[in-house]
Amino acid sequence: MASSSRRSTSGTYGSGNITGDRFCDCGLRAPLQVSNSVANPGRKYYACPTRRCGWFRWASPNVKPSDSGDDRSSQPNFDFKPSERVERINAEVVYLKFLMCVQLLVSLFCVVLIIVVLCKL
């Protein structure tokens with residue numbers, strides 16, 4: 001009978017259980033799969049079977065991932081736990097709001113400058 005507790009080996013390689021099974025952040029056993037991507041053909045990896053939590057690990061830590069955009073491990077939030085992802089997303093939202101405010105101020109300044117120049121003509 002399968003255990004209903006949540007287990008994860010998302011820390012480091014070799015931190016798995018006695019059987020060597022890998023478990024995603026959902027607590028499901030992550031099966032060993034083989035990549036069919038152009039960037040990493042035939043490379044083995046573990047991933048969440050439902051893709052619900054986005055957990056992913058390459059099977060061999062010694063091989064460096066490709067610089068290609070097809071490589072899932074190149075995604076910025078991929079190696080973080082859900083709570084860390086939420087914190088990073090919140091920080092990004094705050095930064096984007098700041099940029100939006102700066103853009104609004106620059107736009108308003110440009111509009112005022114155009115109006116002033118047109119009034120002087």
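**Contacts along the chain.** I began with contacts, meaning heavy atoms within 4.5 Å. Among contacts in the chain between residues at least 6 apart in sequence, I found that 28% join residues at least 24 apart.

**Ground rules.** I noted that this is a predicted model, in which local features need pLDDT of at least 70, side-chain atom pairs count only at pLDDT 80 or more, and totals for chains, interfaces and linings use all residues. Residues are numbered from 1 along each chain as its sequence is written, and side-chain values use heavy atoms, with hydrogens and water left out.

**Confidence.** Next I looked up pLDDT, the predictor's confidence in each residue, from 0 to 100. The chain has a mean of 74, and 67% of its residues reach 70 or more. Over residues 1–17 the pLDDT stays under 50, and the model has 33 contacts beyond four places in sequence for them. Residues 67–77 are also below 50, with 22 contacts in the model beyond near neighbours in sequence. I remind myself that where pLDDT is low, the predicted coordinates should not be read in detail.

**Layout.** I counted 1 helix and 5 strands; these are DSSP runs, numbered from the N terminus, with helices (H or I) of at least four residues and strands (E) of at least two. From the N terminus on, the order is β-β-β-β-β-α.

**Surface.** Of the 121 residues, 22% count as buried. Here buried means under 20% relative accessible area, exposed over 50%, and partly exposed in between (1.4 Å probe, protein chains only). The accessible surface of the chain comes to about 9,100 Å², with 63% of it belonging to carbon and sulfur atoms; such areas come from the Shrake-Rupley method with a 1.4 Å probe, and for residues only the protein chains shown count as cover.

**Arg51.** I found this residue in the loop between strand S4 (44–47) and strand S5 (56–58). Arg51 is not a glycine, yet it has a positive phi of about 60°. Arg51 counts as exposed because its relative accessibility is 63%.

**Helix H1.** Pro82 sits in helix H1. Its relative accessible area is 41%, so Pro82 is partly exposed. I also looked up Trp55: its C-alpha atom is 9.6 Å from that of Pro82, though the two are 27 residues apart along the chain.
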